[in-house]
Amino acid sequence: MHRLELTKPDGRKLTLYSRAPIDSNLQAPSPFSDPLQGAPHLRWHPLRGEWVTYAAHRQNRTFLPPPEYNPLAVTTSADNPTEVPAGAWDIAVFDNRFPSLGVPQGAEPPPSLIVPTAPANGHCEVVVFTQDPKGALGRLPLDHIELLLQVWGDRTERLGTRPDIRYVLPFENRGAEVGVTLHHPHGQIYAYPVVPPVPARMAQVASEHYAQHGHGPLAEMIRSERETGERVLYEGRHAIAFVPACARYPYEVWIAPIREVPGFAQLESAERADLARALKTVLLKYDGLWERPFPYLMAWYQAPTDGDPHLGMHLHAELWPPYRTKDRLKYLAGTELAAGFFAMDALPEDKVKELQAVEVSL
């Protein structure tokens, strides 16, 4: 992995990654010349016992621009700079101009309210998967996807060593159905000042399971899925993809290394290569199912970076497509949003057959 670190005119950081050496003379562009202005803050939700972040400046972020104003395309004119330079690189990571977490120097303190407030420390990054604005993660070459997995590990290590960071979450929103605001293939990384509720609960369950069985619950699920094969979409020597028996979305898929590793940075090269094959297989099956781009939200769960051991935590991705049929969306409604109790009107054992029937070529 080759890496070039640069600083944008507005002070934000840009890191270029590539499978080949990168020209060290490249300059970091930016559509903005002024430093970051917005200052998000946290407010405590006393009934749920969790923080909510407020970033009102995000109302002005770029929203579905026409192709000629794509900020993630390479800069072709110095008079109209984008977020990334022209040149031989594969993946770009830069500080989000509209972050939900991260307080710039000199920012106003959080407001004093009837609930506790705090600065929204943390960090938000944008990850540009490719220079091709019409590309897709699933159509990238396998070694390019391997590089992305390596980049996620590098960013996790760099952010996770900061004393104010407790959790690092890479994710991708694909498709207008899940709220994407830029169609150029990209994802995001949120580095949180606390362990958020979902991974915190996962870590607690994993720790309890490990104390009883000597391994985490996902390792046990993977072993069972491999034994039956009923819901498996991909199985290699080091990685697996399957529709979980407890899926909460009709086409939900989990992807994981078979060995119980806590995060991207602990993957061995053979595991990373097989994980790339698993990820590409799933994404091609998604797009092949209805022969159109398949929207999804993909989140990669790792162990927290708070210094505790977190035994039993197992790196994996959960993909949640919003469709329940070809032309019907699954909405989160009363029982899901109000009670946190998911209701499914399709069986994973039926939906997986649709995905298993899609032939793909890597």
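**Notebook: strands, a pocket and one lysine**

I started with β2 and its partner β5 (residues 91–95): the two strands pair in the antiparallel sense over four bridges. I am working from a predicted model throughout. Within this pairing, L16 stands opposite A92 in β5.

Next I checked the other neighbour of β2. Strand β1 (residues 2–7) pairs with β2 over six bridges, again in the antiparallel sense. Here H2 stands opposite S18 of β2. I then looked at the turn. The hairpin of β1 and β2 has five residues between the strands, and G11 takes a positive phi near 95 degrees there.

Is β2 mostly covered or mostly open? I looked up its burial: five of the six residues in β2 (residues 13–18) are buried, so the strand is mostly covered. Buried here means under 20% relative accessible area.

**The β4-β3-β6 sheet**

I moved on to a three-stranded sheet. It is open, its order is β4-β3-β6, and the pairing is antiparallel. Which strands stand at the edges? They are β4 (50–54) and β6 (117–119). Each has a single partner strand, so one side of each is left without a neighbour in the sheet. I noted the twist too: from one strand to the next it averages 30 degrees.

I followed one pairing in detail. Strand β3 (residues 41–45) runs antiparallel to β4, and five bridges join them. I picked out L42, whose bridge partner in β4 is T53.

**Second largest pocket**

I then turned to the second largest pocket. Its space comes to about 970 Å³. I found 43 residues in the lining; P65, N70, P71, L72 and L182 lie nearest the centre. Two elements give two or more residues to this lining, β8 (167–174) and β9 (186–192). Which gives the most? That is β9, with four residues.

I also sorted the lining by residue class. It divides into 20 nonpolar, 16 polar and seven charged residues.

**The annotated C-terminal domain**

I checked the record for residues 209–337. The unreviewed UniProt entry annotates them as "domain: Galactose-1-phosphate uridyl transferase C-terminal". I looked at the span in the model. It is 33% helix and 22% strand, and its end C-alpha atoms lie 27 Å apart.

I looked up its partners next. Strand β10 (residues 232–235) pairs with β11 in the antiparallel sense over three bridges. Y234 stands opposite A241 in β11. The two strands form a hairpin with three residues between them. β11 also runs antiparallel to strand β12 (residues 253–257), joined by four bridges. There, A239 has P257 of β12 as its bridge partner.

**K326**

Last, I looked up one lysine. K326 lies in the loop between β15 (323–325) and β16 (328–329). Is it buried, exposed or partly exposed? K326 has 45% relative accessibility, so it counts as partly exposed. The cut-offs are under 20% for buried and over 50% for exposed. I also took its separation from D154: they are 172 residues apart in sequence and 37 Å apart in space, C-alpha to C-alpha.

Key. Residues numbered from 1 in each chain as written. Predicted model: local features only at pLDDT ≥ 70, side-chain atom pairs only at ≥ 80, totals over all residues. Heavy atoms only, no water. UniProt positions renumbered as here; feature names shortened; annotations may be inferred. Pairing = 2+ DSSP bridges. Axes fitted to C-alpha atoms, helices over the stretch in contact; angles between N-to-C directions. 1 Å grid on protein atoms, 1.4 Å probe; cavity = no way out; pocket = protein on both sides within 12 Å on 5 of 7 lines; lining within 4 Å. Points joined across faces, edges and corners; volume = space filled by probe spheres on them. Nonpolar A, V, L, I, M, F, W, Y, C, P; charged D, E, K, R; others polar. Buried < 20%, exposed > 50% of the residue type's maximum accessible area, 1.4 Å probe, protein only.
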